Amino acid sequence: MKHRRIFLFRGGFRHAVTLYLVVGVIVLGAAGFALFSYAGRNDATIAASDEQLAVPAPVASPPGSSPAGPLPSASAAPSPSAPPSSAKPSREKSSRPVQSGRCALPAYPTEGCTGVPRGWRPKTTKDGDLTITKRGTVLSDYLVTGTIWVKAADVTIRRTRVYGTVDNFLSDQIYGHLTIEDTEVVNPPGQEFSTNEQYAFGVANYTCRRCKVVNRMEGWRMGASSFSGSGKVTIEDSFAQLAVPPGMCASADPHGDGIQGYGGPAAVIRHNTIDQRGDDCPTAPIFIPDQDNAGGVIEDNLLAGGGYALRLTGGSFSSVTGNKIVSGSAEYGPVEVECSKVGTWKDNAVVTYDWNKGTVLEETKKLNDC
């Protein structure tokens, strides 16, 4: 080592210059390799984005195949809230997205600002079921007369009308994350009511934004949290008008729900209108009972009908705020809530409501139960 140091600092000038040139070449080579690697990563990202724009040809459900099938619907009878426990969920502040448009707060979603836009016409019609099997599929402007089975990850469904169900729970597997926007589950033309007791949208690891349900018995399902692929559910800025065919309550008593949790993952249920006044044998517009549900955030929803309009007795709810219950619409009362499971409870109230304009007329009673 001693002799090498002497060579570097005392040797001939040409030797020193040669050594510095060698070091410079090595440094430039390393920098070039790093730049090439970074460019390669960018190309891969672009390729992945391009793949997500591909829409596969409609594929019907394979003959003889059977999806996981509907989750059981729980219809717990109205019961008094359990005694509160000593520990409450944390009082977390949820981040609320900035809203715009005529259905933004202080207004609430209506038929006119959810589902497919006014004047919409499908670009593609699929008679019967449609099964999506390609990862990253973007499905838009479809009319599907059956059910959309989502059997691939990272699927997006936009501006689509469905007469069956949108379901991502097949063969004991959840396929997510599924994004659904400006999409509706309705009945075919000329059919006012449906005897289909299946949920309209489900089941886990999905976001439903500006979605619409009209004259069906069930709206959204949150479940299957113990199955592979499960994850958080977000339902926001959406509208549901629920109804049961005349006479069906006496014969079948289906106990429909707007949003039901049954073994459900954590959920954000924000700024939705759920009208269950057309159901004579309901459970609730929002029903998250003590049936292995995680709970979540319940904010700024407009609810009408049900045994109780808002039933939260299972899971843990960091925030239950700003929810409005239409006066006189629920059979037993506006809410059934186990307060020990709620962190922040505020600004919930009974109101009178203008259904045509989608606006609250007056708060008639503050709900200070928790």
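This text goes through the salt bridges and then the nonpolar cores of a predicted model. Local features need pLDDT of at least 70 and side-chain atom pairs count only at pLDDT 80 or more, while totals for chains, interfaces and linings use all residues. Residues are numbered from 1 along each chain as its sequence is written, and side-chain values use heavy atoms, with hydrogens and water left out.

Side chains of opposite charge can pair when their charged atoms come close. The structure holds 15 salt bridges, each defined as a side-chain nitrogen of Lys or Arg within 4 Å of a carboxyl oxygen of Asp or Glu. One of them pairs aspartate 154 with arginine 135, with 2.9 Å between the closest N and O atoms. Aspartate 154 sits in the loop between strand 5 (148-150) and strand 6 (156-158), and arginine 135 in the loop between strand 2 (130-132) and strand 3 (138-140), so the bridge links distant parts of the chain, 19 residues apart. Strands here are DSSP runs (E, at least two residues), numbered from the N terminus. Aspartate 154 counts as partly exposed because its relative accessibility is 32%, whereas arginine 135, at 53%, is exposed. The classes are buried under 20% relative accessible area, exposed over 50% and partly exposed in between, using a 1.4 Å probe and protein chains only.

A second bridge joins glutamate 336 to arginine 311, the closest N and O atoms being 2.8 Å apart. Glutamate 336 belongs to strand 28 (residues 333-337) and arginine 311 to strand 25 (residues 308-312), so this pair ties together parts that are 25 residues apart in sequence. Glutamate 336 is buried, at 3% relative accessible area, and arginine 311 is buried, also with 3%.

Lysine 341 and glutamate 338 form a further salt bridge, at 3.8 Å from N to O, and both residues are buried.

The nonpolar cores come next. A core is a set of buried Ala, Val, Leu, Ile, Met, Phe, Trp, Tyr and Cys residues joined through side-chain atoms within 4.5 Å. The largest has 48 residues, and Phe201, Trp220 and Ile286 have the most contacts inside it. Strand 25 gives the most to this core, with three residues. Leaving aside residues up to four places away in sequence, isoleucine 286 touches, among others, Ile259, Leu310, Arg311 and Leu312, a contact being heavy atoms within 4.5 Å. Another core, of seven residues, lies apart from the largest one and includes Tyr108, Leu302, Ala304 and Ala349.

Methods. Helices (H or I, at least four residues) and strands (E, at least two) are DSSP runs, numbered from the N terminus.
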